[in-house]
Amino acid sequence: MTSTDLMGMIYYFGLKLEVATSIIMILSIGFSIDHCTHIVLAFINASGTNKERAIKALIEMGPPVARGGFSTFLPFLPTMILAKSYYFTTFAKMFTAIVGFGLFHSLLLLPILLYLFGTVNQHKELPNIPKDVGNTGSSQT
């Protein structure tokens, strides 16, 4: 979804689809997956109802994801303010959009979707397996 939103922002920013924007579009796939993966993993590992699991996922992984997004965005502030080059300003605009949409999708939209459509937690306790299972009892000493 982040990549789709970014394509709309290319039009909104008045940019053309060329080498610089294409490279950043490819990079956006990794960023969009990265933000959401942390929330989904925390949701999968949490126990309880979907609502409780979504809340636990946000409490556990929301702050680190937000800090990661902020620390990704922070280096682009001087570039956005000071740069005059087309490539630098394009890179800064698009990365700002990537971080903004990535954080929106992972911290707001994804927990709602997991709450509504997430699977029921099916963690099952593994049976107690004795430590000597598989040991034939013959030792070669």
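Is the crossing of H2 and H3 left-handed or right-handed? Let us walk up to that crossing step by step, keeping in mind that what you see is a predicted model.

Start with the overall build. The protein contains five helices and zero strands, and reading along the sequence gives the pattern α-α-α-α-α. Of its 141 residues, 30% are buried. Its accessible surface amounts to about 9700 Å², and carbon and sulfur atoms hold 68% of that area. Contacts across the sequence matter for the picture too: among contacts with a separation of 6 or more, 70% link residues 24 or more positions apart.

Now find helix H2, which covers residues 19–45, and helix H3, which covers residues 50–73. Their axes lie 7 Å apart, and the two helices pack at an angle of about 150 degrees. Angles over 145 degrees count as roughly antiparallel, so H2 is roughly antiparallel to H3. As for the opening question, the crossing of H2 and H3 is right-handed.

Which residues in H2 and H3 meet there? From H2 come Phe31, His35, His38, Ile39, Ala42, Phe43 and Ile44. Across from them, H3 brings Asn50, Arg53, Ala54, Ala57, Leu58, Glu60, Met61, Gly62, Val65, Gly69 and Thr72.

H2 has another partner to look at. Helix H5 spans residues 86–117, and H2 packs against H5 at an angle of about 25 degrees, with 9 Å between their axes. Angles under 35 degrees count as roughly parallel, and H2 and H5 are therefore roughly parallel to each other. Here, too, you can check the handedness: H2 passes H5 in a right-handed crossing. The contact of H2 with H5 is made up of 19 nonpolar and six polar residues, with no charged ones.

Is phenylalanine 91 buried, exposed or partly exposed? Its relative accessible area is 30%. Buried means under 20% and exposed means over 50%, so phenylalanine 91 is partly exposed. Leaving aside residues up to four places away in sequence, phenylalanine 91 touches Ile24 and Phe76. Isoleucine 24 sits 67 residues from phenylalanine 91 along the chain, yet 7.2 Å separates their C-alpha atoms.

Technical notes. Residues numbered from 1 in each chain as written. Predicted model: local features only at pLDDT ≥ 70, side-chain atom pairs only at ≥ 80, totals over all residues. Heavy atoms only, no water. Helix = DSSP H or I, 4+ residues; strand = E, 2+ residues; numbered from the N terminus. Buried < 20%, exposed > 50% of the residue type's maximum accessible area, 1.4 Å probe, protein only. Contact = heavy atoms within 4.5 Å. Areas by Shrake-Rupley, 256 points an atom, 1.4 Å probe, with all protein chains shown as cover. Axes fitted to C-alpha atoms, helices over the stretch in contact; angles between N-to-C directions. Parallel < 35°, antiparallel > 145°, perpendicular 65-115°, else oblique. Left-handed = near helix turned anticlockwise from the far one by under 90°. Nonpolar A, V, L, I, M, F, W, Y, C, P; charged D, E, K, R; others polar.
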